[in-house]
Amino acid sequence: MQNDQHTSENILCAAEEVFADNGIAATSLRAIVKKAGANVAAIHYHFGSKEALIRAVFHRHIEPINNERLALLNALEADTSPITMEQLVHAFLAPMFHYFARQPQRVRGLFARLHSEPQWTRPILQQHHKILERFQQAFMHVAPELSAGQVRFRMTFMMGSMGIILSPNHPLLNGEQREAQTMEKMLSEIIKFNAAGMAAQAK
């Protein structure tokens, strides 16, 4: 069992690195197993297919983000005070920002592939549609004048803007900008900007 877990972890780490370097579509299973020191049969045994492996690679990063998002949202909804737009945007974006800010460039490069290879975005996000629906309902409660479609668009815009900032070579997350105090100021500005966009009057 321990050997199985070790092999599975090696494959995930290798796939993550090769996907980030070469692209998802361009990466063959042979390239992954060569990096992992395994064989193609091991991928089929542990994951079933390349598509399932891709989902697993992204899931292990998205799941902890969504767990923190859900904890923050539950805490807001348990409080009797009215939820503000900035609080809700913070619950949605801060876990993503904090998680990727402490990741190596390889992981940020992996997620940047979703911008250059958008065909993978939908199947990956479909695994996490329940948490997105929870936030959609919460945003509609705070801004009832917005339609479900408008909220979905604006959530996509928020994730897209955050994705650009968190890309591996973006200057805002490199060098001196990585100091904790500067990072929190940056996050505060990101939240204010996106909260204003989400709350903008619908026409």
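Here is a chat about the predicted model shown above.

Visitor: What is this model, and how are residues numbered?
Guide: The model is predicted, so local features need pLDDT of at least 70 and side-chain atom pairs count only at pLDDT 80 or more, while totals for chains, interfaces and linings use all residues. Residues are numbered from 1 along each chain as its sequence is written, and side-chain values use heavy atoms, with hydrogens and water left out.

Visitor: How many helices and strands does the protein have?
Guide: There are 10 helices and zero strands. Helices (H or I, at least four residues) and strands (E, at least two) are DSSP runs, numbered from the N terminus.

Visitor: What box do the C-alpha atoms fill?
Guide: Roughly 55 × 35 × 35 Å, along the principal axes.

Visitor: And what share of the residues is buried?
Guide: Of the 203 residues, 42% are buried. Buried means under 20% relative accessible area, exposed means over 50%, and partly exposed is in between (1.4 Å probe, protein chains only).

Visitor: Let's pick a helix. How much of H5 is buried?
Guide: H5 is mostly covered. In H5, 13 of its 17 residues are buried.

Visitor: Where does H5 bend?
Guide: At Leu93, by about 35 degrees. A proline, Pro95, follows within four residues. The bend at a residue is the angle between axes fitted to the seven residues ending there and the seven starting there.

Visitor: What span should H5 have?
Guide: Its 17 residues should span 24 Å at 1.5 Å a residue. The end C-alpha atoms are 23 Å apart, which agrees. The expected span is 1.5 Å times one less than the number of residues.

Visitor: How do H5 and H9 pack?
Guide: Helix H5 (residues 85-101) and helix H9 (residues 148-165) pack at about 30 degrees, with axes 11 Å apart. That makes H5 roughly parallel to H9. Axes are lines fitted to C-alpha atoms, for helices over the stretch in contact, and angles run from 0 to 180 degrees between N-to-C directions. Angles under 35 degrees count as roughly parallel, over 145 as roughly antiparallel, 65 to 115 as roughly perpendicular and the rest as oblique.

Visitor: Which residues of H5 and H9 meet?
Guide: From H5, Val89, Phe92, Leu93, Met96 and Phe97. They meet Met155, Met158, Met159, Met162 and Gly163 in H9. Contact means heavy atoms within 4.5 Å.

Visitor: New topic. Where is the kink in H4?
Guide: The kink in H4 is centred on His59 and is about 35 degrees. Helix H4 (residues 50-78) has 29 residues that should span 42 Å, and its end C-alpha atoms are 41 Å apart, which agrees.

Visitor: Which residues of H6 are buried?
Guide: Val107, Arg108, Gly109, Leu110, Phe111 and Leu114 are buried in H6.

Visitor: Now Thr27. Is that buried or exposed?
Guide: Thr27 is buried, with a relative accessible area of 3%. Thr27 is found in the loop between helix H1 (2-22) and helix H2 (29-36).

Visitor: What is Thr27 in contact with?
Guide: Leaving aside neighbours within four places in sequence, Thr27 is in contact with Val18, Phe19, Asn22, Ile32 and Lys50.

Visitor: And where does Pro168 lie?
Guide: In the loop between H9 and helix H10 (180-199). Pro168 is buried, with a relative accessible area of 16%.

Visitor: Last one. What about Glu133?
Guide: Glu133 is partly exposed, with a relative accessible area of 44%. Its place is in helix H8 (residues 129-142). The C-alpha atoms of Glu133 and Ala148 are separated by 9.9 Å.
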